[in-house]
Amino acid sequence: MPTKGNIFGLVSLQGGLGTVTITINATILTDPPPPQTKFGDMINTVTATPAEGTGQPVSATDINAYDGPINPQADIRALVTGSDDGCNDQPLVRVLDPETGAPIFQFLAYEQSFRGSVRVATGDVTGDGIPEIIVGPGRNRVGQIRVFAPNPVGSTNYSELPSYRTLPFGAAYRGGVEVTVGDVDGDGVGDIIAGQSSGAGLTRAFLVSPNAVDPVANTPYRSFRAFAGPYTGGVMVAAGDFGTYANGVKTSSNPDGVAEIAVGSNAGIKAMVKVYDVSGAPKVVRTIQPIGPAFRGGVTLSVAKYSNDVVDDIFVGAGVGGNSIVEIYDGSTGAKLAKMSAFSSFTKPNARVFTASLDSIANPGVVENIYGVKGLSGGGGAKGVRAYNRITMQTATLPASTVLAPPLRIAPIIVRVAG
């Protein structure tokens, strides 16, 4: 029977020495249905009170599941930057302050000698409620995905989790790996989704089981090709909960805790984004033709809640030649919500543009700031990260980020800090 409140117990330690282990097996209910929000952090507080006259009470608090909204007093809203195609620098991943652009910490994603790009994504793939940083390499390196997590929990010292290494397209593939995170099976843990940056553009989703010796499944849960041959330009990938689907049929506009996969084209064909339901055999549930009817420069993708509802929305950035246009589409209906030219004031505006969004602390769940960086063809242009504020409609470069030279990539993250 469900129980809540305090649990009391009386134990006896011979001579006041020894240890006692109390194990509580509990089932945690799933999140309430929309539009309710998620549960808060799971916090255990234990107080040991010695027999009268033998000592002082001792108390300890342990936060062992971060499931709630961000805590503005303890958590850090931040940006993660990697590098895009055309990079000729070491494979550094940097985490930046979203107000100043100052680095919070950084680490090498791959061996220092690798001079290709590093794709970056974030999400909880360990099941502890704390987002990890997931990376994939650009071309000319074996396409190995790696995962980096805070060590210890609550610190800004991120180290790799070697058991999460995976080769989504085999040991011979060196064409670049796009990566994102989405819970495609609804078990509450983020799964790893990979796309081929070049070639056929295969997209594969791999289930993650954090307690397994090899947490990332070796066999893909789903595998499909979004754009038929003769196209061989590769894809971009993103994931979000765009409603409730079953075998390619939409049954509700409310999210169901299961991610759908958005796949975007690279240069070479008419710009296109396809959204796939992967609850069964992958099926297209929405097709978006962004930027312009004749645009063939490819797209970039990210996901965030732009509109004031419970469904994720799709941010589509223009590829090479698109004047840094960003279009936002309703994740439930596919309707265009906005068209932005906030990043066209960059020098080399026709480089492809990548975006990341962060929620407002005052209004969680709704995007306040959209951040843009220049990717492929942006080398030699303006440095840094630009921020567009939806409230003031102003765009400015984060002052301390001007040490970062394009081509860049970007993703949002909440860095959990132990209180």
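User: Let's start with strand β14 (residues 235–240). How many of its six residues are buried, and what does that say about its place in the structure?

Analyst: Keep in mind that we're looking at a predicted model. A residue counts as buried when its relative accessible area is under 20%. In strand β14, six of the six residues are buried, so the strand is largely enclosed by the rest of the structure.

User: Which way do the residues of β14 point?

Analyst: Here's the general idea: in a regular strand, side chains alternate between the two faces of the sheet. In β14, Val235, Val237 and Ala239 point one way, while Met236, Ala238 and Gly240 point the other way. Residues on both sides of β14 are buried.

User: Which strand is joined to β14 by six bridges?

Analyst: That's β17 (residues 260–265), and the two run antiparallel.

User: Okay, let me zoom out. How many helices and strands does the protein have?

Analyst: Zero helices and 28 strands. Of the 419 residues in the protein, 50% are buried. Contacts tell you about the chain's layout too. Take those with a separation of 6 or more: 54% of them are between residues 24 or more positions apart.

User: How many bridges join β11 to β12?

Analyst: Four, with β11 (residues 191–196) and β12 (residues 202–206) running antiparallel. As an example, Ile192 has Phe206 in β12 as its bridge partner.

User: What is the order of the sheet that holds β24?

Analyst: That open sheet of four strands reads β24-β25-β26-β27, again with antiparallel pairing. Its edge strands are β24 (353–359) and β27 (394–397), and each of them pairs on one side only.

User: How many residues lie between β26 and β27 in their hairpin?

Analyst: Four residues sit between them, and one to look for in the turn is Met393, with a positive phi of about 60°. The strands themselves run antiparallel, and four bridges join β26 (residues 386–389) to β27. You can trace the pairing: Tyr388 has Thr395 as its bridge partner, and Asn389 stands opposite Gln394.

User: Last one: how do I read a pocket? What is the volume of the second largest pocket, and which residues are closest to its centre?

Analyst: Rolling a probe the size of a water molecule over the atoms shows where empty space is left. The second largest pocket has a volume of about 210 Å³. It is lined by 14 residues, and the closest to its centre are Cys87, Asp89, Arg94, Ala405 and Leu408. Two elements give two or more residues to the lining: β3 (76–83) and β4 (92–96). Of the elements, β3 gives the most, with three residues.

User: How many nonpolar, polar and charged residues are in that lining?

Analyst: Eight are nonpolar, four are polar and two are charged.

Notes. Residues are numbered from 1 along each chain as its sequence is written. This is a predicted model: local features need pLDDT of at least 70, side-chain atom pairs count only at pLDDT 80 or more; totals for chains, interfaces and linings use all residues. Side-chain values use heavy atoms; hydrogens and water are left out. Two strands pair if DSSP finds at least two bridges between them. On a 1 Å grid over the protein atoms alone, a cavity is a set of points where a 1.4 Å probe fits but cannot get out, and a pocket is an open set with protein on both sides within 12 Å along at least five of seven lines; lining residues have an atom within 4 Å of a point. Grid points are joined across faces, edges and corners, and a volume is the space filled by probe spheres set on the points. Ala, Val, Leu, Ile, Met, Phe, Trp, Tyr, Cys and Pro count as nonpolar, Asp, Glu, Lys and Arg as charged, and the others, Gly among them, as polar. Buried means under 20% relative accessible area, exposed over 50%, partly exposed in between (1.4 Å probe, protein chains only). Contact means heavy atoms within 4.5 Å.
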